[in-house]
Amino acid sequence: MPASLITTPAELLEQIVVIAARQHPQGPPNILRSLRLTCRMSNSALSPESNSYLYLMLFKDRFSPWRNLPGGQLTVDNIEHELSKRFRALQRIRRGDIADPNILESLSTIYIMMLEDDGRNWDQLLWAQLPIFMTRFLRERLMVGAETNSGWPTENEVNVLAVSIFWLMSCSESIRDETDELRREFVQLLSPYSLAGFRYPCFTGLEYDFCPSGNSLKPSAHGIYSPTRPTSTTIFYFGRPVRFNFPPLAPYAILANFSRLETRPLMVPPHLPETRAEAVADGISGPTKEDIVYFNTRCKTHFPGTVYGNRFDTLLKSRRHDPDWTRSIRDPLYRSPSSLPGQYIPGTISGRWQGSFIAPYYNVYKDMLSSPSAPSPFPTFGRFPLYVTFRELYCYSPSIPIPLGSGEGAFENAFLPVGCRWHETEAGIEFFGENASFKAYYSPPRQEHLEIGFVEGTAGESKPSAHGAFDVIITGVTEDRYAAAWGGYRYVGRIRPSDGLIVLLREPLDPQMSELGRALFRGYIISSRNFVGRWRCVSSGVHPPEWESIFSLCKDVSWE
């Protein structure tokens, strides 16, 4: 009898589809749809119910393997549902309709694919022409609604995901290929989100609550402070409803802005001394020409997918995104490979960091704060170098961590109890409460703790001695060579366990420079690459600050 689809064994039909689909590895496998439409028998033979192996192979061939869920918990229905959802999102993006009514579902799917990408997801997104789509979206849709919002762009769910994806897909080549005009346009579009902290919060929860409750909102001229932002929704992830927390838009806008502003190097004033040795010999303080050249060549924002030669490059790309992933997806099946909350990978911040901050003019910022309308065009400001070398110190069992402070004073003290003192050595740091109310000791991270996720076989499990890390303290200092050029400071603070927010108190190293005041730095480490956020003077308290700066730091890989 002549061969036909009707008489072809299911196993052979399955192999035909897999081999044919691999000839065109990007996008939905059209051959599967065509064969299922041929007749009832082929439709049944190639259905998820009859052929679970086929759908598993199609997923593995086209998408990065799922790392964040135990394989035994997934059924063929889960995989087929996720496969169909991703193909729908890719097809919508490829069609280029930025007004698609299902754009929120598409962008949430794309955002998760970016965080889970180990190579194959990005290939599919290139097939969907994602860079073209996102460029059009930012230029044509990001400002929709601003005309009824006093000129301020809205921070709705779609815009949040669009700006986040826009940063995650960025690389030095894509920014280099932008025209100067397009680069300036992007900076104008994203500057309100970056600089207007009184309207666009930089944090997932209220910044001044170590254990966020959502009940501490303050009134301000621009409405409630901290401003309200999209929080969460329910999405289907591998066919199961899970809570999806929207990331704050501001950190991604800040990163996208810094990466474009860095294409314009700082000018080197001709009157500066050439080197530090020459400056010391002439009794001149401040930066030298070599300091500015070093800054222009070395202090650049790091991109999520680029290899820089540090220890985090030994991780899977998706593993570097794990803190961002766990901030967004609250899945009961997920277990962090760290004994700490999954929003922070041990060892991330230890090392030398370098970058810059943007300081708005005080009067300009005050005018923005007092006026309900957005300035047009949005003002631009200069960048200033920023250097700090950080240490991580952990409270391990059976030690008892520092008690939680309460009230606004604790936040202004970087979540440390007001009045406490500390003594730091190479071996660790010891804290003493006011009136001897407590004593707590923190030590450097244990080696087995740092190896979690870096050593083969430790992902998803950890050695017993790595458990019991209750709390993380961060200390930092400006090294002498940078302090001589740009000023020296010391830092101390804490990591908020609920979302990995880092809050640091900065003070001048030189007691005679106390007029510089104390400052509060707050931000996240995004994609294990950049420490990004905002800083302000401590005296501002928790109400909208009279002045606020943004910063972006990346790790100096030569330090490791």
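Author: Helices (H or I, at least four residues) and strands (E, at least two) are DSSP runs, numbered from the N terminus. By that rule, α12 (249-261), α16 (322-328) and β14 (519-526) each supply at least two residues of the largest cavity's lining. This is a predicted model, where local features need pLDDT of at least 70 and side-chain atom pairs pLDDT 80 or more, while totals for chains, interfaces and linings use all residues. Residues are numbered from 1 along each chain as its sequence is written, and side-chain values use heavy atoms, without hydrogens and water.

Reader: How do you know what length helix α11 should span?

Author: The rule is 1.5 Å times one less than the number of residues. The 16 residues of α11 (180-195) should therefore span 22 Å, and the end C-alpha atoms, 21 Å apart, agree. There is still a kink of about 35° at Leu189, shortly before Pro192; the bend is the angle between axes fitted to the seven residues ending there and the seven starting there.

Reader: Which residues of α11 are called buried, and why?

Author: Buried means under 20% relative accessible area (1.4 Å probe, protein chains only). Among those in α11 that qualify are Leu182, Arg183, Phe186 and Leu189.

Conventions: Buried means under 20% relative accessible area, exposed over 50%, partly exposed in between (1.4 Å probe, protein chains only).
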